[in-house]
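Please have the structure open as you read this note.

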Amino acid sequence: MKKFYLGMDIGTNSVGMACTDGDYRLLRAKGKDCWAVRLFDAGTTAEQRRAFRTARRRLDRRKQRLG
């Protein structure tokens, strides 16, 4: 097997990759260039869920103090 390089670009919403030879020419396998891109959905934060949880705890503490 010949020596080759696998280059990867990893982002927040995507991953890109390519295979090259020692002279950085794109390799081919089964008649197709060896590169790929994968896109992902953007990540979501737990900010909204955390706000609900904080409010529930705050109200519980108030009920306990008044009781």
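Predicted model: local features only at pLDDT ≥ 70, side-chain atom pairs only at ≥ 80, totals over all residues.

1. Is Tyr 24 buried or exposed? Its relative accessibility is 61%. Exposed means over 50%, so Tyr 24 counts as exposed. Tyr 24 sits in the loop between β2 (residues 14–20) and β3 (residues 28–29).

2. Now check the backbone of Tyr 24. Its phi is near 60°. That is a positive value, and Tyr 24 is a residue other than glycine.

3. Asp 21 is in the loop between β2 and β3. Is Asp 21 buried or exposed? Its relative accessible area is 14%. Buried means under 20%, so Asp 21 is buried.

4. What does the side chain of Asp 21 reach? One of its polar atoms lies 2.8 Å from the backbone nitrogen of Arg 25. Find this pair of atoms on the model.

5. Move on to Lys 30. Lys 30 is in the loop between β3 and β4 (residues 32–33). Its phi is positive, about 55°, although Lys 30 is not a glycine. Lys 30 is exposed, with a relative accessible area of 86%.

6. Next comes the sheet. How many strands form it, and in what order? There are 3 strands, and the sheet is open. The order is β1-β2-β5, with antiparallel pairing. β1 and β5 (residues 35–39) stand at the edges. Each has a single partner strand, so one side of each has no neighbour in the sheet. From one strand to the next, the twist averages 10°.

7. Look closely at the pairing of β1 with β2. The two strands run antiparallel, and 6 bridges join them.

8. Strand β1 (residues 5–10) gives the most to the patch, with 3 residues.

9. Where is Met 1 in the chain? It is in the segment before β1. Met 1 has 99% relative accessibility, so it counts as exposed.

10. To review, trace two things on the model. Follow the sheet in the order β1-β2-β5.

Note on methods
Residues numbered from 1 in each chain as written. Heavy atoms only, no water. Helix = DSSP H or I, 4+ residues; strand = E, 2+ residues; numbered from the N terminus. Buried < 20%, exposed > 50% of the residue type's maximum accessible area, 1.4 Å probe, protein only. Pairing = 2+ DSSP bridges. Axes fitted to C-alpha atoms, helices over the stretch in contact; angles between N-to-C directions. Polar contact = N/O pair within 3.5 Å; in protein donor to acceptor, adjacent residues only side chain to side chain.
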